[in-house]
Amino acid sequence: MTTVVETRDASVRRNGRTVWSGVDVTVHAGEFVAVLGPNGVGKSTFLQVVLGLIEPASGDVRVLGEAPGQANRRIGYLPQRHAFDAGTPVRGVDIVRLGWDGDRWGLPIPLRGAKSRAAKERVDEVVEMVGASAYAHRPIGQLSGGEQQRLLIAQALVRRPDLLLLDEPLDSLDVTNQASVSALIQQVCRSQGVAVLLVAHDVNPILPYLDRVLYLAHGGAVMGTPEEVITADTLTMLYGTPIDVLRDRTGRLVVVGQPDTHEHH
Amino acid sequence: MTAHLTWNLVEDIRLLLQFPFMVNALRAGTIVAVVAGAIGYFMVLRRESFAGHTLALIGFPGAAGATWLGVNESLGFFGFCVAGALVIAMVPAGRSSERSAVIGTVQAFALACGLLFVSLYHGYLTGLNDLLFGTIIGISETQVLILLVAGALALAALAVIARPLLFASVDADVARARGVRVRLVGALFLLLLGVAAAGTSQVTGTLLVFALLVAPAATAVRLTANPLAGVTLSVVIAVLVTWLGEGVAYFSPYPIGFWVTTFAFAFFLLASGYRRFAC
């Protein structure tokens with residue numbers, strides 16, 4: 001299996017403080033991995049290290065076989081964000097299209113040439129893939145949080161990345177949308193063979209869809225399948241506070257007592 | 001000097017174009033409207049109207065100073081507006097409260113300087129009125145040429161930065177992650193806004209630039225959420241209100257600034273009404 005992200009004993013320091021250290025991570029092609037952990041532990045920082053925006057203080061990091069930052073054109077990134085303003089006079093398809101060539105100088109001349117047609121086809125394709133065709137031509141600011149999030153995922157996917165980095169994509173969504181967007185990400189992961197690193201502070205909505213989890217904590221990091229890592233003992237050790245893991249009647253894991261689950265709502 | 005409307009379109013257009021000053025006014029107006037319509041669209045998208053207004057007001061001391069020193073007025077407008085844009089661009093965009101405070105302070109000082117230059121120059125009253133509210137007469141061939149060159153350069157530059165600018169304007173965080181140099185693009189846009197404000201001031205006067213810089217764009221975004229259609233519509237509306245305003249001003253005793261602004265406002269009201277009933 002191809003390795004997409006690999007870190008060996010990596011650590012990061014910011015403002016003279018060690019954010020995390022001793023992190024060993026391997027993410028394979030087409031894997032859906034959640035980055036979990038308490039607030040302020042450096043989950044977003046981990047994505048920024050993968051993007052090459054922050055240098056690790058020690059250890060080795062390889063992304064898509066290269067040094068971080070060298071392969072960013074093969075990475076789709078969705079930063080942590082607030083919703084679009086209601087008055088934003090731009091359609092969903094325009095947002096997706098910006099992901100295709102919005103970073104390029106100049107205009108696509110001719111405006112209706114073969115290149116533009118290829119871009120338009122690709123935009124329609126990803127919009128269809130995320131199930132946003134019905135509302136992609138409406139102004140983005142008038143769409144619900146879940147609809148906006150689907151279009152932003154389409155934007156991150158439009159250049160056929162090998163790795164998708166999603167920072168708290170479920171944060172502003174209600175419970176139903178959290179589940180459907182998680183299911184969508186899993187499906188994209190499977191059908192497109194793209195590896196996904198998803199940062200979340202609440203594990204429960206994504207738990208049924210994950211392949212593996214990476215738990216970051218001040219003491220270090222643990223990576224493995226949900227069954228291996230999401231146990232009362234491991235989580236209690238990582239958080240330093242008692243945490244229970246229960247199974248509901250369908251056999252699903254539910255984490256109880258996660259200190260930051262409802263903190264900022 | 002007021003011409004009489006015959007209500008015969010061909011005859012009226014002949015009357016309109018019989019004097020070179022009116023031909024120059026229409027040329028200048030058209031150039032300025034195209035530039036203001038296109039750049040104004042991005043200004044509205046970026047919510048930088050306050051910066052745009054201030055840049056226009058900074059043109060006032062530039063032009064007043066140029067008149068006082070006997071230099072071409074256009075150069076005064078462009079020089080001051082572009083310099084003002086550079087000053088505003090140096091304030092980090094992230095801190096919007098700080099930015100608007102700096103912009104407001106610069107604006108007040110610019111107006112005060114303009115007042116000083118006007119009083120130093122003894123052609124006092126008519127000069128002040130024309131600078132602030134525009135005039136249909138007195139646009140020279142040289143001024144048209146300067147407007148044309150500046151406008152063409154600004155539009156070419158806008159075409160070069162259009163895509164990253166749109167990206168940075170609607171979603172700065174994602175744009176930055178995609179490698180767009182958000183700060184640089186924003187600073188370049190302010191320069192273009194300075195050029196647009198300086199050019200527009202010379203037709204509508206510094207106080208009424210928004211007739212062409214904001215109103216057409218605000219009208220366009222009420223009618224379409226497609227960026228390409230939005231820019232095009234904004235330009236078309238700006239050109240239309242300029243032609244209507246200049247034409248009516250020629251046949252009426254009232255000033256051009258009033259007419260251009262009134263037509264722009266009418267378009268805006270119609271678009272707002274349309275959106276209310278259509279949605």
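This is a predicted model: local features need pLDDT of at least 70, side-chain atom pairs count only at pLDDT 80 or more; totals for chains, interfaces and linings use all residues.

**Entry 1: chain B overall.** I began with the makeup of chain B and found 13 helices and zero strands. Reading along the sequence, I wrote down α-α-α-α-α-α-α-α-α-α-α-α-α. How does the radius of gyration of chain B fit a compact globule? For 279 residues the rule gives a value near 19 Å, and chain B has 19 Å, which agrees. The C-alpha trace spans about 60 × 50 × 30 Å along its principal axes. I noted that 54% of the 279 residues in chain B are buried. Taking the contacts in chain B with a separation of 6 or more, I see that 74% join residues 24 or more positions apart.

**Entry 2: helix 2 of chain B.** I checked the length of this helix, which covers residues 20-45. Its 26 residues should span 38 Å at 1.5 Å a residue, and the end C-alpha atoms lie 37 Å apart, so the two agree. Helix 2 of chain B is mostly covered, with 22 of its 26 residues buried. Just after this helix I found Arg47(B) with a positive phi of about 55°.

**Entry 3: helix 9 of chain B.** I ran the check again on residues 182-204. The 23 residues of helix 9 should span 33 Å at 1.5 Å a residue; the end C-alpha atoms are 32 Å apart, which agrees. Is helix 9 of chain B enclosed or open? I count it as largely enclosed by the rest of the structure, because 17 of its 23 residues are buried. Gly205(B) follows helix 9 of chain B, and its phi is positive, near 85°.

Entry 4: Trp7(B) is not a glycine, yet its phi is near 65°. I located Trp7(B) in the segment before helix 1 (9-16) of chain B. Trp7(B) has 7 other C-beta atoms within 10 Å, so I note it as exposed. In chain A, Glu168(A) has a positive phi of about 50°. Glu168(A) sits in the loop between strand 6 (163-167) and helix 5 (175-192) of chain A. With 18 C-beta neighbours inside 10 Å, Glu168(A) counts as partly exposed.

**Entry 5: the three-stranded sheet of chain A.** I traced an open, antiparallel sheet with the strand order 2-1-4. Strand 2 and strand 4 of chain A are its edge strands, each pairing on one side only. Neighbouring strands are turned by 20° against each other on average, direction ignored. Strand 1 (residues 3-14) and strand 2 (residues 17-28) of chain A are joined by eight bridges, and Ala10(A) stands opposite Val23(A) in strand 2. These two strands form a hairpin with two residues between them, and Asn15(A) in the turn has a positive phi of about 50°. On to the pairing of strand 1 with strand 4 (residues 58-63) of chain A: five bridges, antiparallel. There I picked out Val5(A) opposite Val63(A). Helix 1 (residues 43-50) of chain A lies across strand 1, strand 2 and strand 4, running at about 120° to strand 1.

**Entry 6: the six-stranded sheet of chain A.** This open sheet has the order 5-6-7-3-8-9 and mixed pairing. Which strands stand at the edges? They are strand 5 (75-78) and strand 9 (220-224) of chain A; each has a single partner strand, so one side of each is left without a neighbour in the sheet. The twist averages 15° from one strand to the next. I looked up one parallel pair, strand 3 (residues 32-36) and strand 8 (residues 212-217) of chain A, and found four bridges. Ala34(A) stands opposite Val213(A) in strand 8.

**Entry 7: where the chains meet.** My last stop was the interface, where 18 residues of chain A are in contact with 22 residues of chain B. Helix 2 (residues 92-101) of chain A gives the most to the chain A side, with four residues. By class, that side has nine nonpolar, three polar and six charged residues.

Conventions
Residues are numbered from 1 along each chain as its sequence is written. Chains are lettered from A and ligands numbered from 1 in the order in which they are written. Two strands pair if DSSP finds at least two bridges between them. Axes are lines fitted to C-alpha atoms, for helices over the stretch in contact, and angles run from 0 to 180 degrees between N-to-C directions. The expected span of a helix is 1.5 Å times one less than its number of residues. A residue is buried if 20 or more other C-beta atoms lie within 10 Å of its own, exposed if 12 or fewer, and partly exposed in between; C-beta atoms are placed from the backbone. Two residues are in contact if their C-beta atoms, placed from the backbone, lie within 7 Å. Ala, Val, Leu, Ile, Met, Phe, Trp, Tyr, Cys and Pro count as nonpolar, Asp, Glu, Lys and Arg as charged, and the others, Gly among them, as polar. The radius of gyration is taken over C-alpha atoms; the globule rule is 2.2 Å times the number of residues to the power 0.38.
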